Amino acid sequence: MAPVDRSVAVLAYPGMSVFETGIVTEVFGLPRPELGVPWYDLRLCAERPGPTPVIGGASLHSPYGLETLASAATVVVPGVPDVHGTPSPELVAALRRAHRAGARVLSICSGAFALAGAGLLDGRRATTHWRYAELLARRYPRVRVDPDVLYLDDGDILTSAGSAAGLDLCVHVVRRDHGAAIANAVARRLVIPPHRDGGQAQFIEAPVTAGPDDDRIAGSIAWALAHLAEPLTVARLARQAHMSPRTYLRHFARATGTSPIRWLVEQRVRASLPLLETTDAPVARIATAVGFDAPVTYRHHFARSMRTSPSAYRRAFRTDADAARS
């Protein structure tokens with residue numbers, strides 16, 4: 001079986017923050033031989049090979065141009081120089097060529113404007129940083145802009161909000177390619193949560209200040225993760241946090257940007273991934289093991305979260321893993 005193409009190209013542009021390219025470099029560029037799987041082959045590409053000025057007076061120098069970007073299996077646009085500008089015809093052509101060739105194309109933050117300018121987001125749901133969402137929708141009315149999520153996975157096109165959400169998206173791609181165990185290992189090395197649901201709110205108006213309520217919410221979350229297989233309700237979680245259900249709902253949403261039930265569903269789906277990847281247990285038994293009351297409920301939530309069925313995920317993961325080892 002032919003090896004999987006792990007080439008990744010990230011666009012460098014004048015005036016970018018080195019953190020923007022650093023997000024992609026940290027996830028896809030650092031060698032990780034300890035994980036025991038073929039890792040990615042990262043290239044930093046510029047519209048014109050050579051020095052690219054970045055914030056702070058420094059410059060990045062790369063020999064790779066748009067030809068390399070257009071031939072990569074994964075293309076990442078971490079931002080644009082000006083959200084009011086238009087991507088160059090050369091960049092538009094490279095992005096379209098990459099997409100036609102079967103590449104998956106990712107944007108982080110304002111990078112969605114380059115994808116929209118290339119027509120890759122027409123008729124699709126997409127997101128960007130909340131401060132740019134209205135402008136993106138106004139400039140590109142054919143794009144179905146969702147300003148309330150961390151990232152969106154539309155198969156071959158993936159978009160994310162601000163920089164931290166870009167990390168979430170990159171780890172999500174690792175999860176797609178290598179499974180939950182490898183993605184969790186990368187997240188641990190980055191000292192970030194193993195998974196934040198892409199549908200989680202990207203902007204929390206009133207974050208909770210440090211104090212006893214934070215500790216109680218955090219304690220209830222840790223307790224819930226240790227008891228996922230048990231019947232869990234808002235009332236039970238609230239009792240664990242020594243709060244009324246109404247107070248718990250308010251504090252949980254302020255602290256996490258989502259609801260307890262939505263969070264629980266997502267954690268149960270994620271907990272099922274290693275079982276699908278590493279065991280031959282029936283789907284019904286896996287559903288029970290992670291706390292779903294019925295296989296049909298598990299399949300419904302799995303499909304919403306992963307855009308496939310548990311059985312198809314198991315087959316695809318094992319096929320991809322075999323290809324990566326060949």
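Is Ser-7 buried or exposed? I began my notebook with this residue, keeping in mind that the model is predicted. I looked up its relative accessibility, found 18%, and noted that Ser-7 therefore counts as buried, since buried means under 20% relative accessible area.

**Entry on Ser-7.** Leaving aside its neighbours within four places in sequence, I listed Asp-41, Ser-71, Ala-72, Ala-73 and Thr-74 as the residues in contact with Ser-7. I also noted a polar contact of 2.8 Å that joins the side chain of Ser-7 to that of Asp-5, and I saw that the side chain of Ser-7 reaches the backbone nitrogen of Ala-73 at 2.9 Å.

I next followed the strands and wrote down an open sheet of 6 strands, in the order 2-1-5-6-10-9 and with mixed pairing. Strand 2 (41–46) and strand 9 (151–153) each have a single partner strand and stand at the edges, so one side of each is left without a neighbour in the sheet. From one strand to the next, I found that the twist averages 15°.

**Entry on strands 5 and 6.** I looked up how strand 5 meets strand 6 and found that the two run parallel, joined by 4 bridges, with Val-76 standing opposite Leu-106 in strand 6. I then traced the chain from strand 5 through helix 3 to strand 6, and I recorded this β-α-β crossover as right-handed. Which residues cover the faces of strand 6? I noted Arg-104 and Leu-106 on one side, with Val-105 and Ser-107 on the other, all of them buried, and both faces of the strand are covered.

**Entry on strands 10 and 9.** Strand 6 also runs parallel to strand 10, and I found 3 bridges joining them; here Val-105 stands opposite Ile-157 in strand 10. Strand 9, by contrast, runs antiparallel to strand 10 (residues 157–160), again with 3 bridges between them, and I noted Asp-153 opposite Leu-158 in strand 10.

**Entry on the helices.** I checked which helices pack on the sheet, and I wrote down that helix 3 (residues 89–100) touches strand 1 (7–12), strand 5 (74–77), strand 6 (104–107) and strand 10, while its direction makes about 145° with that of strand 5. Helix 6 (residues 163–178) also packs on the sheet, where I found that this helix touches strand 6, strand 9 and strand 10, and that its direction makes about 150° with that of strand 10.

Definitions and conventions. Residues are numbered from 1 along each chain as its sequence is written. This is a predicted model: local features need pLDDT of at least 70, side-chain atom pairs count only at pLDDT 80 or more; totals for chains, interfaces and linings use all residues. Side-chain values use heavy atoms; hydrogens and water are left out. Two strands pair if DSSP finds at least two bridges between them. Axes are lines fitted to C-alpha atoms, for helices over the stretch in contact, and angles run from 0 to 180 degrees between N-to-C directions. Contact means heavy atoms within 4.5 Å. Buried means under 20% relative accessible area, exposed over 50%, partly exposed in between (1.4 Å probe, protein chains only). A crossover is right-handed if, with the strands pointing away from the viewer, the path from the first strand over the helix to the second runs clockwise. A polar contact is a pair of N or O atoms within 3.5 Å; within protein, one must be able to donate a hydrogen and the other to accept it, and residues adjacent in sequence count only if both atoms are side-chain atoms.
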